[in-house]
Amino acid sequence: MLDTVKQEKAKVLFPSIRNLQVLPPVINLINCLSNDLAQVTVISYDLNRDSYHDEVELIQISNQKYPSRFSKRVKAKLSAWLFMLKYLYRNAATFNYIWIGVWDYPHLDFFARFFGFKGKIIFHFHELEFEKLKYCKKADFCVVPEENRLWLTYFLGKLERKPFLLPNIPYLPYIEFDSAPLALNSLKTTGKKIILYQGLIDFEKRCLSELIEAISFLPDFIVLVIMPMPSTAESVLESLKNRITELNLLSRVIVIEPQLPPYHLHYIKYADVGIGLYRPTTLNQIYAAPNRLYEFTKFGVPVILPDFPSFKALSSIYKYGIITVNPESSIGIANMIEDFFEKDNASKGRMQAEIFFNENANYSLKVEKLWSEITK
């Protein structure tokens with residue numbers, strides 16, 4: 001009976017070249033869909049089995065990690081594309097949907113249909129990158145993680161159909177974390193208050209210099225812990241460490257080892273507050289859709305974000321659970337953090353963070369609603 005039910009589920013192909021661990025929202029969706037909604041197949045150059053639900057079919061193109069050298073990357077892309085063409089030739093007609101989390105294969109839509117694919121193509125448009133609006137037009141459906149971006153995509157892309165909204169909410173029903181990571185536990189046991197930054201190390205886009213400088217204005221019991229993205233270049237890490245050294249903050253700003261998603265979430269619940277600041281240089285930055293908004297609040301951890309429109313609206317409702325600051329003002333950042341740790345603002349923040357998540361982040365329900373719209 002169970003086999004019959006499985007056969008009746010729609011079959012969805014997620015094709016990529018890069019490891020989808022760099023795109024946690026795609027893995028979240030894959031795992032959620034595979035939990036009773038669809039039969040999911042993932043094809044990628046390299047994969048990590050433990051990031052996926054057991055029901056997900058994984059097809060790894062190579063036993064080698066995706067190369068970093070340009071010449072080898074060209075060769076890897078070519079071999080991946082040839083692999084995909086052969087796979088589509090044999091299997092395109094068996095799939096009901098192709099969900100493109102990242103458009104790594106040129107003309108994938110054409111070749112899929114040429115080889116017999118009769119279903120619908122969905123494009124997951126993560127960033128507001130205008131040069132990629134052409135992919136939104138190629139797809140039958142477009143999925144966007146933030147409401148303002150949704151409308152911008154709809155009008156600027158001149159789309160026939162309004163995109164669907166699916167926020168970047170973590171989905172972890174099958175993963176359990178062990179005890180507190182040593183790097184954070186040692187700080188907690190000495191009474192430190194932890195501000196946690198996880199993600200891209202980029203001084204131009206992420207206001208990291210301003211954030212680090214803000215720590216110099218704060219009491220010693222407040223520390224900043226930075227977890228870079230996996231595969232961050234050594235030269236970038238060196239620049240980060242140099243900035244910390246310049247400000248004489250080696251004991252107050254701690255850089256810890258990267259963790260592959262979703263295991264980076266293991267560190268969040270031991271933080272006192274999360275932070276992610278975007279420099280207002282593009283519409284993509286101003287109308288950001290940060291994973292951390294939901295990742296931190298999932299564990300009842302308040303989060304500090306830039307004072308951009310959508311975040312300011314949330315901060316007025318969930319006071320101290322979602323906090324906004326001018327991301328380019330070190331003094332402003334410091335004042336807000338100091339205010340947060342005064343009196344019982346931190347405890348209020350944890351309560352409001354939990355309320356925000358409970359009211360806005362039922363991921364399974366959102367995916368079920370989206371899937372019903374796509375498949376109707």
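**A guided reading of the model**

Gln-352 is part of helix H14, which spans residues 345-360; helices (H or I, at least four residues) and strands (E, at least two) are DSSP runs, numbered from the N terminus. The model is a predicted one, in which local features need pLDDT of at least 70 and side-chain atom pairs count only at pLDDT 80 or more, while totals for chains, interfaces and linings use all residues. Residues are numbered from 1 along each chain as its sequence is written, and side-chain values use heavy atoms, with hydrogens and water left out.

Gln-352 counts as buried, at 17% relative accessibility. Here buried means under 20% relative accessible area, exposed means over 50%, and partly exposed lies in between, with a 1.4 Å probe and protein chains only. Not counting residues up to four places away in sequence, Gln-352 touches Ile-317, Tyr-318, Lys-319 and Gly-321, where contact means heavy atoms within 4.5 Å.

The backbone of Tyr-320 deserves attention. Tyr-320 is found in the loop between helix H12 (309-317) and strand E13 (322-325), and its phi is near 70°, a positive value in a residue other than glycine. Most residues other than glycine have a negative phi. Ser-231 also has a positive phi, of about 65°, although it is not a glycine. Ser-231 lies in the loop between strand E9 (222-228) and helix H9 (234-246). Are these two residues buried or exposed? Tyr-320 is buried, with a relative accessible area of 14%, whereas Ser-231 is exposed, at 79%.

Strands E9 and E13 both belong to an open sheet of 6 strands, ordered E10-E9-E8-E11-E12-E13 with parallel pairing. Two strands pair if DSSP finds at least two bridges between them. E10 and E13 each have a single partner strand, so one side of each is left without a neighbour in the sheet. On average, neighbouring strands of this sheet are turned by 25° against each other, direction ignored; the axes are lines fitted to C-alpha atoms, for helices over the stretch in contact, and angles run from 0 to 180 degrees between N-to-C directions. Strand E12 (residues 303-306) pairs with E13 in the parallel sense over 4 bridges, and Leu-305 stands opposite Thr-324 in E13.

Helix H8 (residues 208-215) is mostly covered, with 7 of its 8 residues buried. The buried residues are Leu-208, Ser-209, Glu-210, Leu-211, Ile-212, Ala-214 and Ile-215. What covers them includes strand E8 (193-199), E9, H9, strand E10 (253-255), strand E11 (273-275) and helix H13 (330-341).

Another group of strands can be followed from strand E4 (residues 97-100). In a regular strand the side chains alternate between the two faces of the sheet. Both faces of E4 are covered: Tyr-97 and Trp-99 are buried on one side, and Ile-98 and Ile-100 on the other. Strand E1 (residues 10-15) runs parallel to E4 and is joined to it by 2 bridges, with Val-12 opposite Tyr-97. E4 also pairs in the parallel sense with strand E5 (residues 120-124), over 4 bridges, and the bridge partner of Ile-100 in E5 is Phe-123. Together, E4, helix H4 (residues 108-114) and E5 make a right-handed β-α-β unit. A crossover is right-handed if, with the strands pointing away from the viewer, the path from the first strand over the helix to the second runs clockwise.

Trp-99 is also among the residues with the most contacts inside the largest nonpolar core, which has 63 residues. A nonpolar core is a set of buried Ala, Val, Leu, Ile, Met, Phe, Trp, Tyr and Cys residues joined through side-chain atoms within 4.5 Å. Helix H2 (residues 24-34) provides the largest share of this core, 6 residues. Apart from this core lies another, of 34 residues, including Tyr-45, Ala-112, Phe-117 and Leu-133. Ile-30, leaving aside its neighbours within four places in sequence, is in contact with Phe-14, Leu-20, Val-40, Val-42, Tyr-52 and Val-56.

How many disulfides does the structure hold? There are 0, a disulfide being a pair of cysteine sulfur atoms within 2.5 Å. Cys-32 is buried at 4% relative accessibility, and its sulfur is too far for a bond because the closest cysteine sulfur, in Cys-142, is 19 Å away. Cys-142 is buried as well, at 5%, and its sulfur is 3.4 Å from the closest cysteine sulfur, in Cys-136, which is also too far for a bond.
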